[in-house]
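Biologist: I would like to learn how to read packing features in a model. Can we work through some cases together?

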Amino acid sequence: MSSYDHLSREQLVALLKRREREASYGLVWERDKIEPEGAINDDFVALDLDLSLSCGDGPWQNLIIEGDNFDALRYLRMTHAGKVKCIYIDPPYNTGNRDFVYNDHFFDKTHRFRHSVWLEFMYRRLVLARDLLHPDGSIFVSIDDNELFPLGMLMNRVFGEKNFVANCIWQKRYSRENRETIGDAHEYMLVYAANSERFKEVRNLIPLTETQAKIYKNPTKDPKGRWRTIPMTAQGYRPNQMYEIVSPAGVVHLPPEGRCWSTIEPEFNKHLEAGRIYFGKDGKSQPNIIRYLSDVEGIVPWTWWPHEEVGHTDEARKEIQDILETQTAFNTPKPVRLIERILRIATQPDDMILDFFAGSGTTAQAVLKLNAEDGGTRRFILVSNSEATVEAPDKNLCRDVCAERVRRIMRGYRNRKGEDVTGLGSGFAYLTTRLHPRHRLDVRLDHGQVWRALQMLHDHPLAASATIPLAWSTHSDHGLAYLSNLRAESVARLKEQLSGHIGEVVVYSWATDRLEAILPGVTIRPIPQTLAERFGRRKGKTA
Ligand SMILES: C[S@@+](CC[C@H](N)C(=O)[O-])C[C@H]1O[C@@H](n2cnc3c(N)ncnc32)[C@H](O)[C@@H]1O
C-alpha cells in the first residue's frame with residue numbers, strides 16, 4: 001500500500017500542484033539521509049597561540065591554523081569577513097580511495113551516499129568562505145573528474161552562476177598514462193568571483209613565458225630591444241582608413257582586398273615618426289607596426305595551464321622532498337608554480353590569501369615566492385588539520401609538514417643536493433582551534449583571546465602577547481587599544497599611550513559609557529557582541 005492511499009483526489013491534485021511549483025532546476029543531494037558530520041557544531045571557537053610552533057617573535061601578518069576548517073572558517077567569519085582577496089582550496093577529491101575522511105572514516109566507491117556526504121561537507125564550508133571574500137575577490141578550487149560536475153553545480157548555488165569565471169585545465173602529467181581507457185593527464189581549476197563583473201576589472205595579466213616571448217627578436221639591433229611586427233590591416237571598409245602609404249623604397253601600398261588599415265592616417269604618421277613602422281628588410285613590403293617586448297604588460301590568462309608553465313605532480317613531490325628531506329611527508333601536494341599562477345591573476349601585492357585545505361602548505365610557499373619576486377607584502381592564512389586517525393593518533397600534518405615546510409622556506413634550509421637555500425624571510429603565528437561549548441561559556445576571561453580577535457578584526461599583525469590591563473598596537477598609523485579594566489593606573493597608561501600617538505585610534509573597553517566620560521573625543525567601542533558572548537561576558541559587564 002502506498003503512503004498516498006489515504007489522500008482524497010483533491011488532496012492528491014493539491015499535492016501534485018505543490019510539487020510542480022516547488023520543483024526547481026539545480027543541485028539536490030540527500031541532506032536528510034546522510035550521517036551528520038561530527039565536526040559541525042555551534043560551540044564558540046577560540047584560537048590559541050602556540051609560541052613554540054610560531055615562526056619569529058611576531059607581530060605576525062601570516063597565520064597557520066591547526067584544526068578543522070569548519071571551526072576555523074567560523075572564527076574567520078567574525079574577524080575577516082570581506083577581507084580575503086583570493087581563496088585557493090584543494091579539497092579531498094572523493095576518489096573512493098581513502099582520500100576523504102568523514103566522521104573518522106573513509107567512503108569507498110560503493111557507498112550509496114558518498115557524493116551527498118561530500119557535497120554537504122563542501123557546502124557547509126563554502127558558504128562560510130563566501131562571506132570572507134572581498135567584493136573584488138575570487139576563489140579557485142582544484143578538482144578532478146570524481147566531483148567536477150557536482151562541485152560546479154554547488155559553486156553555482158553558493159557563489160551564483162553569474163559569478164562563474166572559468167574552468168581551467170591543469171596539465172598535471174608530462175608522461176602518458178595508459179591504464180585508463182583514455183589516459184588521464186589533467187585536473188581542473190574552477191574559478192568563481194564574489195562578483196564576476198568586478199573581477200574582470202581587477203584581474204591581472206600574466207607575464208609572457210620565454211616560449212611566448214620567442215617571437216620577439218632583434219635582427220635590426222634596435223637599442224629598444226626585442227620586437228615583433230603586428231599586421232597593420234583590419235577587416236572591412238572604413239573610408240578614413242583607406243589611404244595610400246609609400247614605403248621608404250618608394251613602393252605605394254593600399255590595404256589588401258576586403259580590408260582597411262588598422263589606424264587612421266594621422267595615427268599612422270605618429271607611428272612612422274616614432275620609428276614604429278617596419279617595411280621589411282628591403283623597405284618595400286607592406287607596413288607593419290613594431291611592438292617591443294618591453295611594451296608588453298602581460299597576456300590575458302586563459303584556461304589552458306600546461307605543465308611547462310605551472311608545473312606537474314612530480315615537480316610538486318620533488319619540491320616538498322627537497323625541503324623536508326623525506327619522500328613520504330605528503331602524498332598529494334600541488335606544484336608551487338600552479339598556485340603562483342593563481343596569485344598572479346587574482347592578487348595585488350598587499351592582499352590577503354586564504355587556503356583552508358592547506359595540506360602541506362604549498363600556498364604559503366607560493367605567496368612568499370611571489371612576494372620575493374615582486375616585492376609584495378601578500379599575507380596568508382592557512383588552515384590545515386592534523387590528519388590524526390585511530391590508527392595514527394599522533395600524526396600532526398599541520399605541525400610537522402605544513403608549518404615545518406613554511407618555516408624552512410622562511411628561514412632557509414639545506415636541500416637534497418646538500419646546497420643551502422636562503423630563506424625568504426617573514427614569519428607566522430601558529431594557532432590552534434579550541435571549542436567552548438555554549439553551556440560552559442562563563443569560564444575565566446582570556447584577555448589574550450580577546451586581544452588577538454580585536455587585532456585580527458582591525459587587520460593588525462598579531463602580537464605574541466597582550467600586555468594587560470592595556471594592550472596596544474600601532475599599524476600603519478592606526479592605533480588599537482584594549483583596556484581590560486578601568487582602574488586609575490590603567491586609564492593613566494592609556495592616556496599616556498594616546499598622547500604619544502598621531503593618527504586614528506580605536507579603544508575597546510567592557511565599560512564604554514564610563515570610559516567615554518573619562519576620555520571625551522576618543523573613539524571608544526564596546527567589545528563586539530560576538531566576541532563578548534564568545535568570551536563569556538555579558539554586554540557592559542566590566543572585567
Ligand atoms: C588535497 S590536500 C591539499 C594539498 C595542498 N594543496 C598542498 O599542496 O599540499 C587536502 C588536505 O585537506 C585536509 N582536510 C580534509 N578535511 C579537512 C578539514 N575538515 N579541515 C581541514 N583540513 C582538511 C586533508 O587532510 C588534506 O591534507
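**Helices and rings**

Modeller: This model is predicted. Start with a helix pair: W118, L119, M122, Y123, L126, V127 and R130 of helix 3 meet P150, L151, L154, M155, R157, V158 and F159 of helix 4. Twelve of these contact residues are nonpolar, none are polar and two are charged.

Biologist: At what angle do helix 3 and helix 4 pack?

Modeller: Two packed helices are described by the angle between their axes and the distance between those axes. Helix 3 (residues 114-132) and helix 4 (residues 148-159) pack at about 35°, with axes 10 Å apart. Their crossing is right-handed.

Biologist: Now the aromatics. How many aromatic pairs does the whole structure hold?

Modeller: Twelve. A ring pair is described by the distance of the centres and the angle of the planes. Take F121 and F357: the centres are 6.0 Å apart and the planes are at 50°, so the pair is tilted. F121 is in helix 3, F357 in the loop between strand 17 (352-355) and helix 11 (362-374), 236 residues apart.

Biologist: Is F121 buried or exposed?

Modeller: F121 is buried, because its relative accessibility is 7%, under the 20% cut-off. F357 is buried too, at 15%.

Biologist: Which ring does the charged end of R228 sit over?

Modeller: That of Y216, at 5.9 Å from the ring centre. Likewise, R341 lies over the face of W305, 5.5 Å from the ring centre.

Terms used:
Residues are numbered from 1 along each chain as its sequence is written. This is a predicted model: local features need pLDDT of at least 70, side-chain atom pairs count only at pLDDT 80 or more; totals for chains, interfaces and linings use all residues. Side-chain values use heavy atoms; hydrogens and water are left out. Axes are lines fitted to C-alpha atoms, for helices over the stretch in contact, and angles run from 0 to 180 degrees between N-to-C directions. Helices (H or I, at least four residues) and strands (E, at least two) are DSSP runs, numbered from the N terminus. A crossing is left-handed if the near helix is turned anticlockwise from the far one by less than a right angle, and right-handed if clockwise. Contact means heavy atoms within 4.5 Å. Ala, Val, Leu, Ile, Met, Phe, Trp, Tyr, Cys and Pro count as nonpolar, Asp, Glu, Lys and Arg as charged, and the others, Gly among them, as polar. Rings of Phe, Tyr and Trp (its six-membered ring) pair if their centres lie within 6.5 Å; planes under 30 degrees apart count as stacked, over 60 as edge-to-face and the rest as tilted. Buried means under 20% relative accessible area, exposed over 50%, partly exposed in between (1.4 Å probe, protein chains only). A charge sits over a ring if NZ of Lys or CZ of Arg is within 6 Å of the ring centre and within 35 degrees of the ring normal.
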